[in-house]
Amino acid sequence: NKPNPTVLNVSVTKISSISTTPSYKKRIRVSVTLKNIGGAKYTSNENQQGVLLTLVEGTIVRSLTDFKFVNLAVNEVKVFTFDMDWYSPEFPPSIKAEITYDPDILNDSNTGNDDSNLKDNMKVITGESVNAVVNR
């Protein structure tokens, strides 16, 4: 059995609407759910991994924040939140959450921090989905 940290979900809730001139913006909360779905505890050190939250607009990627985590028990869930302004543009950016690791994490002689499935480390919520939530 090996550890398998995964991004289970990225969701958005509207916190408030703010009228400004000339645009109309909303305050949103992005929630990212991280879970170790593997059969072993994820055991690591500070600053070797994180969940990077980015805004993706075409080929432009803007970093929003990096949620840090260290250890995850089997089936342990962590929920990270980030509040931001959202302008509801016609062609809105997507929001991406992705687990990132130090480049040498697989070579550090610690098998407790070797992710057994790198294919489940990212989730994206489309800008259209965010607009649907905030424009209700």
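Student: Why is V124 called partly exposed?

Tutor: This is a predicted model, and in it V124 has a relative accessibility of 47%. Buried means under 20% and exposed means over 50%, so V124, at 47%, counts as partly exposed. V124 sits in strand β7 (residues 122–125), and beyond its neighbours within four places in sequence it contacts S94, I95 and K96.

Student: What makes N36 buried?

Tutor: N36 has a relative accessible area of 0%. The cut-off for buried is under 20%, so N36 is buried.

Student: How do you know that the side chain of N36 makes a polar contact with the backbone oxygen of A40?

Tutor: That oxygen lies 2.8 Å from a polar atom of the N36 side chain, and the limit is 3.5 Å.

Student: Now the rings. Why is the pair of Y42 and Y101 called tilted?

Tutor: The planes of Y42 and Y101 are at 45°. Stacked needs under 30 degrees and edge-to-face over 60, so 45° makes this pair tilted. Y42 lies in the loop between β2 and β3, and Y101 in strand β6, so the pair ties together parts 59 residues apart in sequence.

Student: And what makes the pair of F67 and F80 stacked?

Tutor: The angle between the planes of F67 and F80 is 15°, and under 30 degrees counts as stacked. Their centres are 4.9 Å apart, where pairing asks for within 6.5 Å. Both F67 and F80 are buried, too.

Methods. Residues numbered from 1 in each chain as written. Predicted model: local features only at pLDDT ≥ 70, side-chain atom pairs only at ≥ 80, totals over all residues. Heavy atoms only, no water. Buried < 20%, exposed > 50% of the residue type's maximum accessible area, 1.4 Å probe, protein only. Polar contact = N/O pair within 3.5 Å; in protein donor to acceptor, adjacent residues only side chain to side chain. Helix = DSSP H or I, 4+ residues; strand = E, 2+ residues; numbered from the N terminus. Contact = heavy atoms within 4.5 Å. Phe/Tyr/Trp six-rings, centres within 6.5 Å; stacked < 30°, edge-to-face > 60°.
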